[in-house]
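Student: Could we go through this structure together, one question at a time?
Tutor: Happy to! Have a look at it here.

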Amino acid sequence: MTDITIDEEIAAAPGPATPSGDPSGDGSGGIDVGGGDDGGGDDGGETTVEGTGRRGLGWRQVLAAGLVCFALWFLLDAPTLLRSAEASPFGVRRTVAVDVLRPVASFDRALGLSHVVGAADRVMGRTGMGVVQLSRSVPRSARHSARPEQLAVSSSPGGHGPALAPDGFPQLAQPTNADPLHVLVVGDSLGVDLSSPLVDDLVATGVVDAAADAHIDTGLSRPDYFDWPAELSNDLARYSPQVVVVFMGANDPQNLVVDGNAVSFGTAAWSTAYGARVSAFAKEATDTGARVILVGMPPMADPGLSAAMQVVNQQFALAARVPGVTYFASSNALADPSGAFATYLPDASGNEIQVREPDGTHITPAGADRLSQAIIGEMERALAVHFQP
Amino acid sequence: MLFPTTDFAIFFAVAFTANWLLNPYPRVWKLAMVALSYFFYSWWDWRFVFLLAAETVVAQAGVAVIGRIEAPRPRRIALAVSLVALLSFLLWFKYYGFFALNVDNALHGLGGGRVLPLVRVTLPVGVSFFTFMAISYVVDVYRREIEPARPVDLAVYLSFFPHLVAGPIVRGQELLPQIRRRRDPRRIDFGRAAWLIAAGLFKKVVLSSYIASSIVDPVFAAPRQRSSLEILVAIYGYAVQIYADFSGYTDIAIGLALLLGFRFPDNFDAPYTARSLQDFWRRWHMTLSRWLRDYLYIPLGGNRGSRLLVARNIMITMLLGGLWHGAAWTFIAWGAIHGVGQVIGHENRQRRLAAGLEPLANGRGRVALQRFLTFQVVCLAWVFFRADSMATAFTLLGRLFTDWTAASPLVTPLVVLAVAFGIGVQYVPSDAVERLQRTFARFPVAAQGAILGVVLLAITTLGPQGVAPFIYYRF
């Protein structure tokens, strides 16, 4: 969009733009091989790239330089590569990669190179691949403890102990701006999609202090890759939440390793082992007095993945049979009336909104808003509290 | 497959070797390049290759017909049919959902029923890029600027993997002659290629990823929780993030092409040193900018006609340029801001010309002010480009002025340094970079490899775990 005349524009426009690094400007790449030696290898003297004055290399020299580069990088970055290999799905490829990388990684650790990676992570404030949100509404020092003995107690008729909320835990006092409810949201990449809108909506009520900790490519199936129980333990100590919303499972339909043995996904043994992990994860939170809302995975566009999510959701639902743990099916907000996958769903005014990304798995911001409101509604029901002003 | 992955490194090692081994055999080389490029594209989704093949066939059929017609009117009709056919791919895959959703909701709002089915359409990676390349090829043949290419040459041109999924948008007249020639295997510009690839990886893997995760993503995801300072730094941060991400990608693409003996046009030229929006578009995504100029703005009339017509041409070009980036009102708003800004700039220049005024003096203070103001307008537009909705964009802008006293935990010294670095690096003189490349190129081959190995280690150490896709893959 220039101010020159149309004739000048046309005169300027059609000519080829000067390709990068080619001051000759003829746009041809500046190289014309008219036969002769195409087999590589220079002619003994230094060759220069036409029109640049820079020394050129033969293709075999470039290949050699590349091999030196990657060999050196492989040797020095083996611990990181080993971690990536260990995170990959179980199988021959993983086994070979780990077997090759493990001795090299040990050598690197002996040289102290792994400390460099750790130091870089600390400098850049990286604790993983997570998204951590903090609400600013209440300073940490004023955080309300989630211990059961500090929960509101109201006498039931006949004085037989505290009243219970629908989730089976003692009834909470109605949260206020001065004494907000503390909520933690954890999850995988779908948790990343959900966490910001949910935290935002919760804080906007004025009676909730919320934080989120979501990590892509994670779940409960591979603690060797990302240890969610340990991460949750840190989060519980740090945020002292009264409610933990869990939204993960999309990466969990894969083989488990239990006591050194592989357990195939889709088997009864897998369901038992995975179910135990979900229950233990929830118990970690309820042992601190926090209640847990386990949000099931929504239906997926891919029928196979959707069926796999049903298996995962079943274990989440079973884990909610104890006091303090509630299961909420996200299909209530992200499926069509028949419970099937839907890219578009109507909003409150009847307009269609896109709730799922084109990949058929992740959730759009509009979909996350919709799910967030549904989860808040469930939270109000399960805890018998009221958030809306 | 993404550039900064070991999968791609292995693929490229094979492609590089095949490229030079087959270089003396042009026909075999071309078929091998097409096969490698289609394999590269199928890595995302094997179904995408049918789209790429279909567009190649449509483009070739179009120029075959155009090339046989001499009469102007039938020639124009043949061109129109070709363009409609090519654009129909883009319209379906990229815009049908947006169009249907808005039409249906508008009719619903008026009390009518829904007329268009809402279907889930997978968006093929890079469809905007290779569709625009196909269009430029057909139009250039129509304008008689190039001859129709052989089918296999066209197949290589459109599918060539370094530029396939996120540009640069290379013209037929730039790349087809290079495809027809054999490249010199003795004079590979490794110094420049290595610099471009290393710098591109650093920008994408380290700088862009860090700024995104540290401040941009948290702020844009939940602006109501953020202070005004955090919002301001996030907006500037996004300017750096998208520059680093996109220019990093195209640097890598240009560097890879150099290793294969090809020269691509540059795509960025220190865009945040621009002194006006017009200047910005001479520096930002230059291959898109010239495409819009040559295939949209000038055919609309360009600078010819009344002030109103010129303003119309500018607005149409920029609105469609915005829409090219994505099917959402936020991208249209982004284009509108640039359009309005350019119309205002054009009007000011015309008024000065009409009044016979001398051009404004290029004093340091004036230049700095122009750069500062242009950068603010560009960043304002970026707010809409990045926000997931118009509501989020306005919330962000609103909170920019309302909460300066709140704590800003996301604004750390390292975040500020990263943003400042991303802007400041654009002021590094190009001859300094050129000297660095020359010096590097003089080292022994093994030393060059070793230096690159250490640089690669630094990049992977400083970068996050996992690889985020390039922003412009979505387009």
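Predicted model: local features only at pLDDT ≥ 70, side-chain atom pairs only at ≥ 80, totals over all residues.

Student: How many helices and strands does chain A have?
Tutor: Chain A is 389 residues long, and 41% of them count as buried. Its secondary structure consists of 11 helices and 12 strands.

Student: Is strand β5 of chain A largely enclosed or open, and how many of its residues are buried?
Tutor: Let's take the two sides of β5(A) in turn. A:Val208, A:Ala210, A:Ala212 and A:Ala214 point one way, A:Asp209, A:Ala211, A:Asp213 and A:His215 point the other way, and all are buried. The strand, residues 208-215, is therefore largely enclosed by the rest of the structure, with the number of buried residues being eight of the eight.

Student: Which residue of β5(A) is the bridge partner of A:Gly187?
Tutor: Strand β4 (residues 181-187) pairs with β5(A) in the parallel sense, over seven bridges. In β5(A), the bridge partner of A:Gly187 is A:Ala214.

Student: Is A:Ala273 buried, partly exposed or exposed?
Tutor: This residue lies in helix α8, residues 268-286. A:Ala273 has 18 C-beta neighbours inside 10 Å. Buried would take 20 or more and exposed 12 or fewer, so A:Ala273 counts as partly exposed.

Student: Leaving aside neighbours within four places in sequence, which residues is A:Ala273 in contact with?
Tutor: A contact needs C-beta atoms within 7 Å. With those sequence neighbours set aside, A:Ala273 is in contact with A:Leu256, A:Val258 and A:Val263.

Technical notes:
Residues numbered from 1 in each chain as written. Chains lettered and ligands numbered in written order. Helix = DSSP H or I, 4+ residues; strand = E, 2+ residues; numbered from the N terminus. Contact = placed C-beta atoms within 7 Å. Pairing = 2+ DSSP bridges.
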